[in-house]
Amino acid sequence: MAAQPRPLSGLKVIDYSHFLAGPFMSRALSALGAEVIKVERPTEGDAGRAHPYLIDGQSGYFLQQNMGKKGLCINLRDPRGLELLHKLVETADIFVENYRPGALDRLGLGYAQLSALNPKLIYCSVSAYGHTGPDSERPGFGLIAEAKSGAMAQLGMPGEPPPLLRMPLADMYTGIHGVAAICAALVGRATSGKGQHIDMALYDCMVSMHDFAIQRYTLSGGREVPVQTGHDQPESTVYGVFEARDGYLVIAAQVDEAWKRLARLIGGEELAADRRFLDPDSRNANRLEALAYVRAWTRAQPSRQACITALDAAGVPCAPVQTIGEVIEDPQVKARGMIVEQDHPVLGRIRLPNLPFRFSDCDTSPTGIAPTLGQHNAEVASSLGYSAAAIEAMERDGVLYAAAGARRAAAE
């Protein structure tokens, strides 16, 4: 059976965002089939282009979050540049931005201004706190949202400063929520014929992620406050990190059947029948004793892999705490195509994380590498009816800007 078009094929996205939440969102839209035009400012472009890891002047960060997009670099402070972008908006379905509320209004790119040009436009804003509320004008990054949300306060060892998450949880979670909201708005537009403004906040998304802490606090009348617990969860015994002779592993044996299988493995039928550990409440009440049995067993095994092998054979959920090198070489990661390879004109063959979309009847692999700065200026302007002479004039005057080699890259 022939492959079907990608779900968002035929849609056009203007990506006027930088760094992470917005670019990740539009990268996902590109993978789902939309034509994404990344709009950048002369002469540095997206600040993500200067973000580590850098090699030969190329940012892996930028390459990862902007693959599959077209690049337009335009001076919006020149009336001709703003006019070109307004013409592009008239042809677009979706506009993505992640500036502080009000910043784009001053540029002539706010929702009210663009929806007047294109009433069907779906305009998705990402900011630290959203466009309403007392903090709406405060600057912020993912780290700010992760700290304020209460998530960070639960991490780390009791009495020690909470650690950084080391993954951009707020940005990525907000980005993928933006994808969901945009897809919902597209469905709504199919019946109403109108677009709308989507207001996504990093802080909102982090608060919404709490699966346990908030309901525990509110339902207990404020008596139960989740705190740092280190390497396990006191309310879910046994569920945490354990040390082997040559590394760490996690074990999830918090439910009765998994605990019984683990207990038989590490202590035989006597431990499996021990009344101190027969149900979740008992195990939680005798948590330190239960953990002591498990820790003694994992440390007694010849290796982490020996622990994993025995736990797998017993049917106890577990996994190694892997390094990034181990993740990249993981057979499951390879089988699922979660590392994508691309040919880059400067770096040669590169490997970057893929997106997790899998459809039965279409391929969502990246369609190309991230654009060079201004790589598709001429193509985009020409599609809007600008003549070659007009494009050359704008290039000469700096209204359209392209990095060295961009024209050659566009031709290729």
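Which residues lie nearest the centre of the second largest pocket, and how many residues line this pocket?

Analyst: Gln154, Leu155, Leu165, Gly230 and Gln233 lie nearest the centre, and the lining has 33 residues. This is a predicted model, where local features need pLDDT of at least 70, side-chain atom pairs need 80 or more, and totals for chains, interfaces and linings use all residues. Residues are numbered from 1 along each chain as its sequence is written, and side-chain values use heavy atoms, without hydrogens or water.

A pocket is an open set of points on a 1 Å grid over the protein atoms alone, where a 1.4 Å probe fits, with protein on both sides within 12 Å along at least five of seven lines; a lining residue has an atom within 4 Å of a point. The second largest pocket has a volume of about 1,300 Å³, counted as the space filled by probe spheres set on points joined across faces, edges and corners. Four elements each supply at least two lining residues: helix α8 (213–219) and strands β9 (232–233), β10 (236–244) and β11 (247–252). Helices (H or I, at least four residues) and strands (E, at least two) are DSSP runs, numbered from the N terminus.

Now the sheet. Six strands form an open sheet in the order β5-β2-β1-β6-β7-β8, with parallel pairing; pairing needs at least two DSSP bridges. From one strand to the next, the twist averages 20 degrees. Helix α3 (79–90) packs on the sheet and touches β1 (12–16), β2, β5 and β6 (94–97); contact means heavy atoms within 4.5 Å. The direction of α3 makes about 140 degrees with that of β1; angles run from 0 to 180 degrees between N-to-C directions of lines fitted to C-alpha atoms, for helices over the stretch in contact.

Next, the largest nonpolar core. Such a core joins buried Ala, Val, Leu, Ile, Met, Phe, Trp, Tyr and Cys residues through side-chain atoms within 4.5 Å; buried means under 20% relative accessible area with a 1.4 Å probe, protein chains only. Of its 33 residues, Leu29 and Ile182 touch the most other members. Helix α1 (21–31) is one of the elements giving two or more residues. Leu29 touches residues including Val13, Val36, Val96 and Ile182.

Last, a hairpin. It joins β13 to β14 through 3 residues. Strands β13 (339–344) and β14 (348–353) pair in the antiparallel sense over 6 bridges. His344 stands opposite Gly348 in β14.

How values were computed. Buried means under 20% relative accessible area, exposed over 50%, partly exposed in between (1.4 Å probe, protein chains only). Lists of a residue's contacts leave out its neighbours within four places in sequence.
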